[in-house]
Each structure stands twice: as C-alpha cells, then as structure tokens.
Amino acid sequence: MVASHGREQVDPLAHQRLAAARGIGARPTNLGTLDTLSRRVDAVNSRPQGLAAAAPRAPGAPAPFVRTTGPDMLSRLYDQILADPRLLPPVKALLARLQIAVVRMARADASLLRRQDHPTWTLLNRVAAHGMGFERVDDPRLVDFLRFMEAEAQLLVDAPTPTAALFQQVLARVDAHIDRQARQSSERNAVALAALEREHLRHEWSQLVREQIDHQLIGAPLGPRMLRFLQTAWVEVIVATMVRHGRDSREAQAAMELVDAVLDSLVTPRDMADREALRMRLPVLIERIVAGCESIQLPVAKREAALGELMDQHARLLRGLPALDPAQRRPPAAQPGATSGSAAPASADEIVRRLMEERDSQVPSHWLSADVDRGELPTVPVQLYNEQDSPDARAALQRWIDNLQIGRWYHLFIQGDWHTAQIAWISEGRQFMLFVGREPDERLSVTRRAVEALLSNGLITALEEDSLVQRAVDTLMNDLDSPPAA
C-alpha cells in the first residue's frame, strides 16, 4: 500500500494547478487546517457518488482504509504528501517508508489528525524542507542525511505503538544532525567570520577592558611607567586576544589574569620563603608580558621602560623593601576612557567589514531595477516587516531574526540572483550569517542589516515556512472543492 501512494491515483500536477488558481507566488489568505479537511473529507465520503470513480482493485486485495473519516483522510493526505513535485525521489521514498509509523501513530493518538503542530508532522516537514534544499540526489550532504535517517526511520517503523514523545526524540536527533552537518560545511569560513564580527566589537571591548583595569589599579603600588603600560598597551593585548580567540576564550582570560599576577608580584613578602617563591615566579611573569607584547607587535622601545621599572620594583622586594619607594609620589590615576594619539589605522578585517556593509547598503537599489521573478519565491507577509517606523514591524523583524537557525534552508535573492542556501554559521551577536548553497563551494556571507532588507522586500523565506504538510492540506482541500467530474 505504501509503495503505491503518489503514483496512479494522484494528479501529479495538483500543486501546479493550486498555484495557478491562487496566482503566481501567492499564498492563501486562510490556510487549511486538519479539522476543516477532516470535515470536508467526511462530507465527500457521505455523498452518493464520490469525486471520481475508485481505482479498480485486484481480486483478493485488501479493502482500502476507509472505515472512519480519520484514516481515510490520512490516506488522502499522505497521497498528496508523496505527490509533492518538490521532493527528490530518495526523500519521497524515505517519507513513504515513514507512512507505516504515521498510520500507527494516528490509530494510537487521535490528536495527530487535529494538530498540525504534532511532532509527527513537524518531523515530516523538517525532513522534507531539508531534502528540498538539495538539487542533486548524489549530493554528499543529502546522501549522508539519508543514511542517518535510515536508522531513525527503522526505529519508528519497528515501534508497534509509536508515541508523540518518540517522534519528538527523533526530531531532536534530526535537528542535531542537520546542525552538526551545517557547521561542518562552514568550518573553513566560520573562524574568519567570527573574528570579523569580534573585530566589529573592538572599540566597545577596549572601553570596557580599560575601565576594568583602571578599577583594578586603584591604589596599586605601581610605578608610573608600568601603570601607563597596563592602561594602554596591555589593554590592546587583551582586546586583540579577545578578537582573535573570542571574548570568553582561555587566552583572553589568561591575558586578563596577568594584571592580577603583576599586582600580586608587588605585594611585600612576609619572610624569606615568600621572597624565594617570588623569585621563582618572576621569570614566568616577565615571559608572559613579553609574549603579549609580541602578539600585538609592540616595539621593544615601547615596553623596555615599563619592564625595567617593574624589575626594579621586584629587586626592591627581594631585598626586603616595599615595591614603591615611599618618597616616590604616585601620579594621579588616568581618567577612564582617556586616549592618547590618533586612532590606529583600520585593520584588514575592519576594511573587509566596511566593504561588506557598503555592498549590503547598495543591494536594495539593485532590486529596484532588477528583473526579479518573485514567482520563484513563496510570498512572505511583507507588510509585517516593511514599515520600518512601526513598533510592530520592528518586533516582527526581531522575532524573525531570532528564529534563524543553523541547518535550516532559505530561498533568497542576493547578488543579483536567486539562491537556495542553508545557514551554516550565525555570529555571537547575530550580526553576521554564513549561507552555504546547494553547491558546497557556494558561500554567501550576509549581515543582519542585509537580511532585514531582504525580508522587508519579500526576498527571503525559509523553505519550512511553506511546509510539506500545509501544501498537502491546501492541495487536497482544493481538489475536494472542485466540482465532481462529469
């Protein structure tokens, strides 16, 4: 029964007819629901004559699954699912295999045929949306996904009485696999893009780190040169490490902790044992400072005076004297946020970021003149997003951006063409995204501002927004509303 679904009894052009009836690229104002479909199927089944003559059955073949409205509706609905022309043959075969588990689920859980958010339908939608992202059946990513799904499908088929919880567990593993697969696709670019976003935060981080260090140094027995070094050069070392490795990386934490290590090294030893312990720590401390200076290529001339002053203080401590000569007047602490000299020239990453933003800012003007075939894109409710001054529009944009997930497929118009691409990386602040296209080497790096512009112009949508099950429901209802054949 499963293998025969979606072949002879279903019109293969049903989806195209439905689209034509609604208008190119249009979506129905009121989407069909399973409850409405159930009533419609029940009404059709109660007619003296059906929509069309039933297909002949071979002698001895089992009776069709029409004992109640529910199962009969499920058979009709699954016929439409398997007839979806957007599905590649191996994906369609996988969904056909899952039909056994879905039928058992419907017998055990009546809510399946009432709730379109049931984990069973969500799983089918996720599998279909992911499969539709691929153009070739031999794409290694699709082959890997189908191989993974073999075991998951077998688990569901082998369950005598599957439950919603079981489908939910499989859905969670499917999401995790898609996420992991997408991240692997972005490994070549993710590190560089993450550093690019962190470069964007350099100025903000510099201010925060400077304020923190200024607070730490209040009352510390530092000489004026080392004090200035920690407030300027070492702030640059810390921020550069955060940009390179991440704000919360071990390397960044180690650079921050060095300030505490310097201050601890200036505490007057209580006895000979403490002085000996200090003597053993000092070489490592100086090496760490030098390594930090090398990481930002700080000239030796700009660190020598501070390091010499610090070593002089250590020499005093080892002789049993306080680190800071009581006669030496401590200079007033520098004001937080004070800077010296002109701003540093933009780094290579900063220049790339600016160019990316300039490119994104020019994209909307291209859309105004480009010959865009919007029929290729399932229409999104643009009115929700394009009123920039409306609080509702801003909230809708924020929700849509917040719902972006690694591994999900999107159809978008960028760089003068339509692309079907999968999100492979989202930056920490969700300001940058990396899309990987149907061809693994096709990579599209996009800023949040560009995504918002795409959404406001109706030029991006998630494949899953136009879900497999919803399309099947709408198509079946359209067929049931059509007049019976003469």
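This is a predicted model: local features need pLDDT of at least 70, side-chain atom pairs count only at pLDDT 80 or more; totals for chains, interfaces and linings use all residues.
As you know, rolling a probe the size of a water molecule over the atoms shows where empty space is left.

So, which residues line the largest cavity? They are Arg126, Ala129, His130, Ile178, Gly407, Arg408, Trp409, Ala462, Leu463 and Glu464. Helix α5, residues 119-132, gives the largest share of that lining, with three residues. By type, the lining splits into five nonpolar, two polar and three charged residues.

Now over to helix α6, which runs over residues 140-158. Its 19 residues reach 27 Å from the first C-alpha to the last, close to the 27 Å expected at 1.5 Å a residue. And where does α6 bend? At glutamate 150, by about 25 degrees. Have a look at the start of α6 too: a side-chain oxygen of aspartate 139 comes to within 2.9 Å of the backbone nitrogen of arginine 141. Arg141 is also one of the buried residues of α6, and Leu142, Phe145, Leu146, Phe148, Met149, Glu152, Ala153, Leu156 and Val157 are the others. A reminder for reading that list: an α-helix has 3.6 residues a turn, so residues three or four places apart point the same way.

One last stop, at arginine 448, in helix α17, residues 448-456. Is arginine 448 buried or exposed? Arginine 448 counts as buried because its relative accessible area is 12%, under the 20% cut-off.

Key: Residues are numbered from 1 along each chain as its sequence is written. Side-chain values use heavy atoms; hydrogens and water are left out. On a 1 Å grid over the protein atoms alone, a cavity is a set of points where a 1.4 Å probe fits but cannot get out, and a pocket is an open set with protein on both sides within 12 Å along at least five of seven lines; lining residues have an atom within 4 Å of a point. Helices (H or I, at least four residues) and strands (E, at least two) are DSSP runs, numbered from the N terminus. Ala, Val, Leu, Ile, Met, Phe, Trp, Tyr, Cys and Pro count as nonpolar, Asp, Glu, Lys and Arg as charged, and the others, Gly among them, as polar. The expected span of a helix is 1.5 Å times one less than its number of residues. The bend at a residue is the angle between axes fitted to the seven residues ending there and the seven starting there. Buried means under 20% relative accessible area, exposed over 50%, partly exposed in between (1.4 Å probe, protein chains only). A polar contact is a pair of N or O atoms within 3.5 Å; within protein, one must be able to donate a hydrogen and the other to accept it, and residues adjacent in sequence count only if both atoms are side-chain atoms.
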